[in-house]
Amino acid sequence: MTENDFLPGDYQNLPEQGKVTWKAPSNIALVKYWGKRPVQMPANPSISFTLDACATTTSVSFEKKNTKDGFSFDLFFEGKPKDDFKPKIQTFLERIEMYLPFLKEYHFTIGTSNSFPHSSGIASSASGMAALSMCLMDIEKQLNPKLDDSLFFVKASYLARLGSGSACRSTKGNLVQWGAHQNIPNSSDLYGIEYPFEINPVFKSYCDTILLVHKGQKQVSSTVGHQLMHGHPYAENRFEQAFSNLDRLKPILADGNLEEFIELVESEALTLHAMMMTSMPYFMLMKPDTLEIINKIWEYREATKTPVCFTLDAGANVHLLYPEADKEKVQDFIKNELAEHCQNGQYIHDQVGLGAIKING
Ligand code: DP6
């Protein structure tokens, strides 16, 4: 599909008002997206587990307005006005306007809340932009009931990407791939697709415990980090590596080869952070406790042969990945050994999930 496929058809009716609510999960990348070109096109393909418990629920109420000059919206986060999110939403609406021309017909009241603790430091842009995109597509569906279901989800992912790249991997489950790759049919830089190859059952219920190492504001945002891949001395090799890691993953995901899965996933996480440390200006998002945790995971894996591994996103938190069959012992290990490295002892148990869902009422 191309950009033109996302231009809307004729709207048959414009309701005076209405309200839609969607819940969209967060995701954790196995092969990382790091580096992009305008507008929101990834420098390399990526793939992620869709999560379940960590999610954003967003309601959008819409009401016909008299003028069509400009966007009109109010934003509430956990019930309170949230004006500092408004510029990001404004930019998002400007980017998607040509695909959803009804945006200037209505005044919108957007209410959003996260399932995870407010200041946990978990990036909510993926789940937040995915939930908002699902709501906007739901409104489009009301205006154009002929819109078919598969286009509905693909276009939601397309819109979400324009809000935040990784958000396009949060509309569907359980493994979503984003970024054109010659060996992955239907893969696209424009939206995420459900992983089209065999997935061993072990990965369909994989567990992810998010260890909250540092809850404060990050020193360098993802958006800035992506930009620093321009002119980065290792960028081209890194992008090629991501392409080949997606090829390597295919048999690993089909066979459930956990040893190779662990090696690939941990290498991706450390490469992401190596790119940060070798940017100019260079920066580091890992904290001493991030490293303490990684070392303890390696020791535990060596001693017990439990197939547990880590990955990192653009921050200090550690995602601990393990099969559901090992849940009990790994969660004991977390409680007894790793919790002490988490800020206020906080961590969140999550698991691979199925993607965005509509909430009635
Ligand atoms: C390290 O999707 O947050 O989590 O497109 O600028 O919103 P923007 O960036 P974002 O970057 C995510 C980077 C990452 C890796 C990943 O999720 O693939």
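In strand 12, His319 is the bridge partner of Ile210. That pairing is a handy place to start looking around this structure, which is a predicted model.

Strand 11 and strand 12 make up a hairpin, with 5 residues between them.

So is strand 12 buried or exposed? Of its 5 residues, 318-322, 5 are buried, so the strand is largely enclosed by the rest of the structure. In a regular strand, side chains alternate between the two faces of the sheet. You can follow that here: Val318, Leu320 and Tyr322 point one way, while His319 and Leu321 point the other way, and all of them are buried.

Let's turn to charges. Side chains of opposite charge can pair when their charged atoms come close. How many salt bridges turn up in a search of the whole structure? The count is 15. A few of them are worth a visit.

One of them is between Lys64 and Glu16, whose closest N and O atoms are 3.9 Å apart. This pair links distant parts of the chain: Lys64 is in strand 4 (residues 46-64), Glu16 is in the segment before strand 1 (17-31), and 48 residues separate them. Lys64 counts as partly exposed because its relative accessibility is 29%, while Glu16 counts as exposed at 53%.

Another salt bridge brings together the side chains of Arg37 and Asp189, at 3.3 Å from N to O. Arg37 sits in strand 2 (residues 36-37) and Asp189 in the loop between strand 8 (175-178) and strand 9, so this pair ties together parts that are 152 residues apart in sequence. Arg37 is partly exposed, with 39% relative accessibility, whereas Asp189 is buried, with a relative accessible area of 17%.

What about Glu140 and Lys155? They also form a salt bridge, and their closest N and O atoms are 2.8 Å apart. Glu140 lies in helix 2 (residues 125-143) and Lys155 in helix 3 (residues 149-163), so the pair ties together parts that are 15 residues apart in sequence. Both ends are tucked away: Glu140 is buried with a relative accessible area of 1%, and Lys155 is buried with 2%. Elsewhere, salt bridges that share partners join Lys296, Glu337 and Glu340 into one network.

You'll find Glu340 in the loop between helix 9 (327-338) and strand 13 (347-351), and it counts as exposed because its relative accessibility is 57%. The C-alpha atoms of Glu340 and Lys104 are separated by 50 Å, and the two residues are 236 apart along the chain.

Which residues form a negative surface patch? They are Glu198, Asp255, Glu259 and Glu260. Glu198 is placed in the loop between strand 9 (192-194) and helix 4 (201-204), and with a relative accessible area of 56% it is exposed.

Most residues other than glycine have a negative phi, and most peptide bonds are trans. Pro38 and Val39 are joined by a cis peptide bond, with omega about -20 degrees, and Val39 is in the loop between strand 2 and strand 3 (41-42). A cis bond also joins Met280 and Pro281, where omega is about 0 degrees. Pro281 lies in the loop between helix 7 (258-277) and helix 8 (288-304).

As for phi, Glu78 has a positive value near 50 degrees, though it is not a glycine. Glu78 is in the loop between strand 5 (72-77) and strand 6 (80-81), and it is partly exposed, with a relative accessible area of 34%. Asn344 is not a glycine either, and its phi is positive at about 50 degrees. Asn344 is found in the loop between helix 9 and strand 13, and it is exposed, with a relative accessible area of 65%.

Key: Residues numbered from 1 in each chain as written. Predicted model: local features only at pLDDT ≥ 70, side-chain atom pairs only at ≥ 80, totals over all residues. Heavy atoms only, no water. Patch = residues over 30% accessible without salt bridge, like charges linked within 9 Å, V, L, I, M, F, W, Y side chains within 5 Å. Areas by Shrake-Rupley, 256 points an atom, 1.4 Å probe, with all protein chains shown as cover. Salt bridge = Lys/Arg side-chain N within 4 Å of Asp/Glu carboxyl O. Lys, Arg positive; Asp, Glu negative; His and termini not counted. Charge placed at Lys NZ, Arg CZ, Asp CG, Glu CD. Helix = DSSP H or I, 4+ residues; strand = E, 2+ residues; numbered from the N terminus. Buried < 20%, exposed > 50% of the residue type's maximum accessible area, 1.4 Å probe, protein only. Pairing = 2+ DSSP bridges.
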